[in-house]
Amino acid sequence: MTPQTTLSNTPVRPEIQWPSQPLPESARAVIVGGGVVGASVAYHLAKMGWKDVLLLEQNEIGAGTTWHAAGMVGQLRTSNSLTKINKYSVELYPTLEQETGIPTGWLQVGSLIVGTSEERMIQLRRTAAMAEVFGVEATMISADEAGEKWPLMRTDDVLGAVWLPHDGRVIPGNVAVALAKGAADNGAMIHTGVAVEELIMDGNGRATGVRTSAGEIKSEWVILCGGMWARELGLKADIDIPLFPVEHHYILSEPIEGASKNFACMRDPDGLLYARTLDDNSIMLGAFQKVSQPWMAQPVPRDFSFGLLEPDWEKYKQPLASGKHRIPALETAEFPKFINGPESFTPDNNFIMGKPAQTEGVFVLAGFNSVGIASAGGVGKYAAEWLEGGESPMDLWSVDIRRFLPIHNDRAYLTERTGEVLGLHYQMAWPNREFTTARGLRRTPLYDRLTAQNACFGQSMGWERANWFAPEDASPEAEYSFNRQNWAPYVAEEVRNCRENVSVIDQSTFSKYLLRGEGACGILQQLCANNVDVPVGKVVYTGMLNERGTYESDLTVVRTDPHEFYIVTSTTQTVRDADWIRQHIPFNSDTRLIDVTSGIGVVSVMGPNAPAVLSLVTDTDLSESAFPPGTAQEITIDGHYTKALRISYVGENGWELHTPFQTTLAVYDSIIDAGNAFKIGHAGVYAINAMRLEKGFRAWGHDISPDDTPLEAGLSFAVDWNKDFLGKASLLKQKEQGIRRRLVSLVLKDPNVQFWGNEPVFRDGKLTGYTTSAAFGPTLGSAVAMAYVKNGDGSPIVIPELRKSRYEIACHGQRHEATLHLRAPHKER
């Protein structure tokens, strides 16, 4: 695609003469990129009192993606943390003109999201319900009411809409300039026309400054806010920043009679389009098409800061037709401007934030997937707090750069995946929706065997994982729905077989490490809330906490030697947990953490008949007296060395068999051969999820996070108060003052209702929280969920009082009564 770089594309922005001063030789923080995100970070660091903050922009402030962004600022996102970020932006942007004198064009016009299908209306009702939980005003309105808010919109095929009155719109480039002006007014240095060519690294992962087109600058922090250019800068420093530019289209009409700049920001996701009016009463018509085109310019030209790509009217046929259908006034309108502006997208549609693993002095904010303007204000605030405090100020795991592996930064992978990601903005947000592109990056040794068993695979951290197994006469393809999906009866059978008989589960995708050295025990004792100074062969479940006493992770620790520990954690935590542990290994220590994830497979055998099956393939005494629960032993399975852990995440008797990849298949085959006499079955990820919810087992990223403490999560049994550990002081304070929220299990009384997580929970008729995870519990015969509940007045939780209340969970606009459980809903047998 040929870029346009004519002056006619350059936006009109406020002309600011930044204070003339020589480029400094050093700074506390060098911010790379003067788009709206970089300007926001500079603004908030300066307002926080940081001195020597230097913002470098290779062109002019507001360049890159910022200047051609649509400028719609919505508050509601998919999580509480991301919604907080956008809510702050909405609070900040209206104040900037008075503070800086730069008009941002803020208008509180509201957002209108219309639905034209029954399934979309279910999604919109779920959206409106969670908005109340997150503190965002949102109302379901009728098609007629939607038409009143957008008089030019066709509504005869509209079934309803969500109205968010406090959303707004801005002039994006002006917001960037206003933030930079505010930063400068508070002491930050702004230098335009200075390109950062590379980071200066010390050879040990620490950034010591940047090399620019005007010379070298030393710094304590390098903050990469370079948008499309960030990936290349990262590669030069051996830092993976998985993002790629993708074409994003919108067109501008001539002024339209009857239009008003005060019309809401309208979105018609079923039509894959959005629309908003401009000050001259023209209409911006934009699209998020199902499949988009990555821009293959690598590297992105430095002089593309205010460039556009050539118009692609052929590609835009569908959005244009949808736009003319939704807004009949556009049928005969002229469209003098076609904006084909590339924006950076990430593999999972969430932006990138935080410190890359095994680095110091580097912080990344990039890959905003078309939400940069709405997020920039809050992102700058929370990034500044992160930099100041030394750790994430709240649960930002969904955007943490450590959720990616180097393989996610592969160019071929990115070009295939990001073409799908852009379109997800307006496609149905189905429960358990899987990406369809760039699959098969990583496969366990059992992949072919499970394929032969008719497995339906999902992906996590690049791994292909068996979600569920279809019968021989059924296709292993998910049919998405907000109600019970087509795989439900298959998963119910997987659960039944595991509860009543025996099943084999491939859990090879667990993240796994060895921590070796004389200091290993002391390091883990400091990081872990539970006591890990245990006899060799003991298995310990524990959380790793931060200074606030909230979770950084939860994991399983096995002592394999006086100076060695085997650590098992979740699939998604490979980079994050390794980085957290390594950060706390003293520089001169002999202790080393070794990632063995891709070298060790895990074949789990679970169920009442697990001992009988395993006794046919091993000579080890599997009795509880010889091999107690919560212990590990080295055994052989038909001659193959295996580390056997007698633990279970499904609440049934069983073992995890950890074996080298090269023998994992042989171990599996032996178990299947022996298990055929028992009609051994297979269980996938969905069955695991249902069974762990039935047993009240928590899941990282859902039920426990950096916003939650062990006391709140009901996991105080995994805290050893007789030793020191990171976060203990905060926990002791909370223990003394009492908790204000508590994680509980809730089981629906109506067996026909399906929950998925992220549904509001009501206690005695008042909103008290939301479900953190949920699934149908086949053993219970009803849906089961976890949720944090609180007292209406914010007072400390009194456990007996929780049991006296009446609980309801909202689903599709209706409330359904549920029974509270503080222990496992499915009792141990």
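**Close-up views of a predicted model**

**View 1. Strand 15 and strand 16 run antiparallel, joined by five bridges.** Strand 16 covers residues 283–287. Ala 275 stands opposite Leu 285 of strand 16. The two strands form a hairpin with five residues between them. In that turn, Asn 281 has a positive phi of about 70 degrees. The model shown here and in the other views is predicted.

**View 2. Strand 15 also pairs with strand 14, again in the antiparallel sense.** Three bridges link strand 15 to strand 14, residues 265–268. Asp 268 has Leu 273 as its bridge partner. Four residues lie between these strands in the hairpin, and Leu 272 takes a positive phi near 60 degrees.

**View 3. Both faces of strand 15 are covered.** In a regular strand, side chains alternate between the two faces of the sheet. Here Leu 273, Ala 275 and Thr 277 are on one side. Tyr 274 and Arg 276 are on the other. Five of the five residues in strand 15 are buried. Ring pairs also link Tyr 274 with Phe 288 and Tyr 426 in a cluster.

**View 4. Trp 487 and Trp 756 form an edge-to-face pair.** Their ring centres are 6.1 Å apart, with 70 degrees between the planes. Each Trp lies in a loop, and the pair ties together parts 269 residues apart in sequence. Both Trp 487 and Trp 756 are buried.

**View 5. Phe 627 and Trp 655 also meet edge-to-face.** The centres are 5.8 Å apart and the planes lie at 75 degrees. Phe 627 is in a loop, whereas Trp 655 is in strand 32. Phe 627 is buried at 0% relative accessibility, and Trp 655 is buried at 1%.

Note on methods. Residues are numbered from 1 along each chain as its sequence is written. This is a predicted model: local features need pLDDT of at least 70, side-chain atom pairs count only at pLDDT 80 or more; totals for chains, interfaces and linings use all residues. Side-chain values use heavy atoms; hydrogens and water are left out. Buried means under 20% relative accessible area, exposed over 50%, partly exposed in between (1.4 Å probe, protein chains only). Two strands pair if DSSP finds at least two bridges between them. Rings of Phe, Tyr and Trp (its six-membered ring) pair if their centres lie within 6.5 Å; planes under 30 degrees apart count as stacked, over 60 as edge-to-face and the rest as tilted.
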